[in-house]
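Trainee: Please show me the structure, and let us go through one of its chains and what that chain touches.

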Amino acid sequence: MRGLAFDVAHLLAGSLVLVSFMQLYQDRLSALINTFALHALVLALSVAWQAYIQDAPHLYLTAALALVFKAIIIPVALQRIIVRLGIHREIEKVVGVGITMLFGMGLVALSMVLMLRVTAEADPLAREDLAFALAVVLLGLLMMVTRRNAVSQVVGFMSLENGLVLAATGAKGMPLVVEISVAFSILIAFIVIGIFLFRIRERFDTIDVGALDRFRGERT
Amino acid sequence: MNFDAITAILLIPLAAAALLAVLPGYRITARLNVFAALLTCLAALTLLFGRPQAGAYFHVDDLNNVFILLTTFVGFTTSVFSASYIGHELESGRLTPTFLRFYHAMYQLLMFAMNLALVANNIGLMWVAVELATLTTVLMVGIYRTHEALEAAWKYFILGSVGIALALFGTIMVYMAARPVIGEGLDAMVWTVLVQRAGEFDPALLNLAFVFLLLGYGTKVGLAPLHAWLPDAHAEGPTPISAVLSGLLLNVALYALLRFKMLLAGNPGALSPGPLMVTMGLVSLVFASFMLYRRRDIKRMFAYSSIEHMGIITFAFGMGGPLANFAGLLHMGMHSLTKSAIFFAVGHIAHVKGTQKIADMGGLTETNPVLGWGLVLGVVAIAGLPPLGIFMSEFLVVSSTFAREPLLAIPLVFGILLALGALFLRVNSIAFGEPRGPTMASNASYVPMFTHLAIVFLAGVYLPGPLVTWLQNVAKLLG
Amino acid sequence: MALLLLLYCIAALFAAGVLGIAIARRSFGRVFVYATSLIISIITLCSAVSVLLGIAAPSSLRLPLGLPWIGANFTIDPLSAFFLAVVALGSAAASLFALGYGRHEEMPERVLPAYPLFLAAMQLVVLAADAFSFLLAWEFMSLTSWALVIAHHRVRENMYAGYVYLVMASFGTLALLLAFGLLAGAGGAYGFEAIRAASPSGELAALVLILVLVGAGSKSGLVPLHAWLPLAHPAAPSHVSALMSGVMTKVAVYGFVRIVFDLLGPPMWWWSVVVLVLAGVTCVLGVLYALMQHDLKRLLAYHTVENIGIIFIGLGLALAFKAYDMRVAAALALTAALLHVLNHSLFKSLLFFGSGAVLGATGERDMEHLGGLIHRMPQTAFAFLVGCVAISALPPLNGFVSEWLTFQAILLSPDLPSWGLKILVPAVGALLALSAALAAACFVKAFGVTFLGRPRTAPAEAATETDHFSRAAMFLFAGLCLMVGILPGLFIDALAPVADRLAGARLPVQSTIDWLSLVPIAESRSSYNGLLVFLFIAFSGSLAAFVIHRLASDRLRRAPAWDCGYPQASPATQYTASSFAQPIRRVFGTVVFHAREHGEMPPPGDMRPARLVVELRDLIWDAFYAPVASGVTFAAERLNRLQFLTIRQYLSLVFSALVLLLLVLATWT
Amino acid sequence: MDLALDLAVQSAQMLLVLALAPLLTGFVRKVKARLLRRQGPPLLQPYRDLIRLMRKEVIVAESASWLFRVIPYLIFAATWVAAALVPTFRTGLLFSWTADLIAIIALLGSARFFLALAGLDVGTSFGGIGSSREVMIASLAEPAMLMIVFTLALIAGSTQLSTMAGFMVSPAVGLRVSLGLALIALIIVAIAENARIPVDNPATHLELTMVHEAMVLEYSGRHLALIDLTAELKLLLYISLIACLFAPWGIADKTAGGLALTLGALIYAGKLAAGGVLLALFETAIAKMRVFRVPEFLGAALMLGLLGTLLLFVSRSF
């Protein structure tokens, strides 16, 4: 049972990293958003599994939150936004896929190395989990950096935050996990609403963040 | 829990926020705002006489007591300033009554968040509080709804959120490090417990955690290269918020950082956090000093000077040791007071001149002597000239550093001199020379500004004994 | 209890300054502030002198101010008493002068509050006995004087001058701060007593010396740190210029002496080499710069640079002798330097008063627009003439005495064991002689062009004698110049305790020598008697006059000057300041200033007159200051791009910082 | 008794120098004239000139100030005092300790300072040209002179003329490079200081080439007489300075009796004559140089003086 529990958790966490890579690979927004939904789904599963093996019922709440909010509501919302903006099949990258992937590999390796320095007596589950979570976080950040479009940056941020939730749930018996995940969901809601805001008031004709420069101060 | 000072400084702002959110009318709300801030300040003062013992969620020790007093006091004076400021905004129509209500509510909410972050004994709770503070300020920065304001808010928001995320990751890792030692559950996040047993934690995890915390909370502190949000947020938001941001929020974030630094210091196996902080401090200092030269917007300029001073403070705490820590604490307090005073002045100046562009200001000491000399005095203070408080702290930092690490003192001195040059280059053109630009009458109250400057001056020449011993204890605490 | 009284005086000055803010605009404001400063300065002077003469005992005091665990310590010992006396004397005269001169002030509200604070700050520096109080007073002195420099803030040049001044001053203060950091050590023992107790080791002490040289040098105007001085000193109101040039630079010298001779422990011989070289260069360059000026006050400011060089030559010699434990010689050199401190404060203040009187009477600082003032302002002219003779180191006035003593000290150099110094010191002596001769040339120009000849402009034509307060101040100092010149023995004896304390020996008592002549070491070696020289000249001069008027003729006829057949040549045909300096410019300027002169011929048909254009370049500015300025501008320009990145780029900054730190962590063991 | 004698000697010297000065100038003129196969003015001509000028009324320019009238007496007094302190025929004069060599030079310096001011006082361009060139020359001559003083003072270990003269006759001196250099430098300086050819020509009145004469162009009558007398005194002073420093033989010392004194006086007269002849020879042999060659001329003197000082440390080690 112990071994199985470990393997499944390991599997789920690993697949989360994999999905992160898939996200990096996507270059169309709609596809990207779908991949993110998958990302959220896997997260929900892994959280649920953690809830099961730690028999910590409150974690189910987090899982449900992840499932409903991130895997369904947000993607749908984003899809509608990009459709309304007519950028759903826009290809926007700063760096080529190949390089991004390579860099991502490097990040994963880095996080592994860092985690292996941790003494093994911290139980392996948490340790591996944390390694993957770190990888996911870094990949999410990488995504935010390599994408020019606000929507994909939001997606990147959310996958980063998924990594956090993974880590938090992996941390056995950590208090406030639910609160934190709720707080983050609110944060994300803010961001999405922010995008809506920019869209609704006809100020920024595209929400490409690069366009914001026109309004940066001191440019004369 | 029984009603004590902590509850007071948390509940008063919260209740006030709720109340202000619904109350209409500028006069009442402004008054109420001031009143609530005053009450909070008084409640904080009672902490000097009796402190409730540490609970699982809240605690007060020498360290955060300093910060609480500072925060509540500056919060109060700023609310006084904001009363006169916001009135003008309302007349000039930059703010609508609804937004005004929202503004006051947010102000109190911010106060609550900061107090919470300060008294929190639980690192998770502290994180939540800092996040809350960030969000409220984001909303206030964007309150004018101009392109620039929204853009600044958006930038602040995104960078802030990333910072928050990193900080959370660090917090989680601290928990992971603590759990094997302390055991699962709440205790592993209670700071007082953590610091006692920090020695047994897994060093590698702690290091990793600190890196994330440094970057996460460092974003809020505004250390280069994480500073990007700070100048625009200061420049585009309402001036009271700039004052609170520079004077308080940065300190709160730094306070959080210090807490974790103490954890690491308690662990022999972990890397010493000093070098990291020293490096980031110096980078911020020199970078900000250079950035000061090209500024055209007066508020953005002083925002950069805040970065510079945060650099100095971080450097001081990074150096450690009784002298440097003492200097760091002193500098922190002096900087909050001075910088907020400067922003008070700047707010009025912006009203008088109807612009924030330095190019459109000139000869202020002639057109508005009180305001002009107030600004000059503030700049003199912030540039570290005697006989004001920052001179003392910079004296201690520089001299003690040069005695210990001569090579580190060189860039420090260089940065300080550079900043002084830039600041006076600008203040010369603002306060002296032929009067430039329009001049409207200002019905501002200069009381808050000069109160701060008076305190800074006093501290520069005379520090009361109890305060000194207190700060020295804190300095010891910081190791 | 002299010290307590002094501190009360300082407190009173502070009060006067604060009160000055309120009453500056009132009619009695000026009188109140300056009269208070005058009275307080006199009290300070008396108590300082009493300590110097040993009537009141040296004492220390600790106030619960400043750095909490050290407090604000104040001490008055012979050294600080001497400098305090110089400060107080200068302040008193300046206040007296300002009682009248202040009438010309159009912005009293910017001068009156800062003035007493400036005085108080200078006195505090001299009394401070711990690093914090010292630096606080030091920097406060810069700050208040800055406020005075930019008093007339509508003039662009003044703002620029103030800016350069403030930056340079803070630069110096930071250097001193570092020096004290070294002296105090990581423990932060900032008290002078503690520092004295723990005298630092060799190279550490050397580092301190360099830092102090930078710190005190930048305040006193050692080349190449002098750039601010000729900008700032003329910009201030004249009585403040007098204080800055005559007194504040001396406070800087005090800082140097206090740290290097008192706190730093035994010197090494090569320290003196550094000091001597800098000093020699300073005095020659200073006077050469001065010769090129035709702005009266700026010319005087550059002469301050020169005289600081002379003082530092004395100090350098004292260091050299002290390093080899040649006590008497060290005492001689130190006494020479300190006496020159007093002398320079006397005649430089006097000269600035004179220029102030001229400025008040004509509104002109440019000598090319003056001339013939001796007819309209005879008393001012006389006082100014005395100052000119004194600063040109001509007997029987005081400037000569101190330079003569310096020469005597130089003549002791063969006894130095180190060959480097044997060779160097006479060379420095040559520089000193050169600068003395050039100074004489320069003041022939200054006095001749300003006061002699025929008025060149209408304002000079319409000038009237200045008020009696100003004249009183000027004649007071003129008298003192003469007194120090003819009775130097008394002052040298007063300096004996200082020399005793710092050099470990004292000169023979002078006041007991018959005819009150001055014998530094032995009469067979060298002696000088200003009194007799003065009397002889007076006697033989009047004798000649008497005899000639009696036996020959005393008839006199006024007639137009010999005009070579060109009747009524206009005053413009007189020699101007620049044409007077032209031969010297051709001799020295081509090297030092890359001076180029070329005639500007307008094309045929153009009615413009042909002009002679002279181009001078300030090599020191080009070499030291311009690069720094352009470097900072360049860096600021480049870094400024970071203000205009997109959010994504900012994120990537954060991201790269994170990755970097993680990599560090991964590689860290 | 002793004091009285000293006093007598001192005043005797003062009168002597005053009396001899015009004679020396006349002598030099005479010798020059003879060298040029001219008859030349009689030896006593300078006295006649002085007396004539004294009698004349003074014409002062309208723009001249009180300073203009005081200065002649002032510079005369300063120069006379200086001359009175140089040992001529007897060392250890009563007041010799009043001013050492440096002070004497400084006294001459003050005289020049005021003369230059006088040049500027009337406000014509001649005076200006004269003064500006005079101070330019002085600004090089004085340091050179001080370097010479350094050399001698470092050798003699004193700046007191009596002591130096005493040391110079003593066998301790020996023959030194430095002394030679110093002598040459001193001669150059003396020529410059006394406005002789090749630096300046006392005889000419071609404005653009002259220095000293241009400066005093506005002076007349007794003032001019005093200035001329001062110039003659100065010449005498320099020659006797050279004599007392480099040819101190025969100078009577403090203890000497009447015979020795008279002997010293005669020897002194001889020295003056020799100096005059040499000067005349030199002046006839050489041509006046352009004004801006003068700095090089004097710069050479300065260099020689400095070199002499530095060489001391080499040549001393015998």
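Mentor: A residue is buried if 20 or more other C-beta atoms, placed from the backbone, lie within 10 Å of its own, exposed if 12 or fewer, and partly exposed in between. This is a predicted model: local features need pLDDT of at least 70, side-chain atom pairs count only at pLDDT 80 or more, and totals for chains, interfaces and linings use all residues. Residues are numbered from 1 along each chain as its sequence is written, while chains are lettered from A and ligands numbered from 1 in the order in which they are written.

Trainee: What share of the residues of chain D count as buried?

Mentor: Chain D has 318 residues. By the cut-offs above, the share that counts as buried is 60%.

Trainee: Which radius of gyration does chain D have?

Mentor: The radius is taken over C-alpha atoms, and the globule rule is 2.2 Å times the number of residues to the power 0.38. For 318 residues a compact globule would be near 20 Å, which agrees with the value for chain D, 19 Å.

Trainee: Which helix gives the most to the side of chain D that touches chain C?

Mentor: Contact requires C-beta atoms, placed from the backbone, within 7 Å. On that basis 70 residues of chain D meet 68 residues of chain C. With 17 residues, the helix that gives the most to this side of chain D is H5(D).

Terms used
Two residues are in contact if their C-beta atoms, placed from the backbone, lie within 7 Å. Helices (H or I, at least four residues) and strands (E, at least two) are DSSP runs, numbered from the N terminus.
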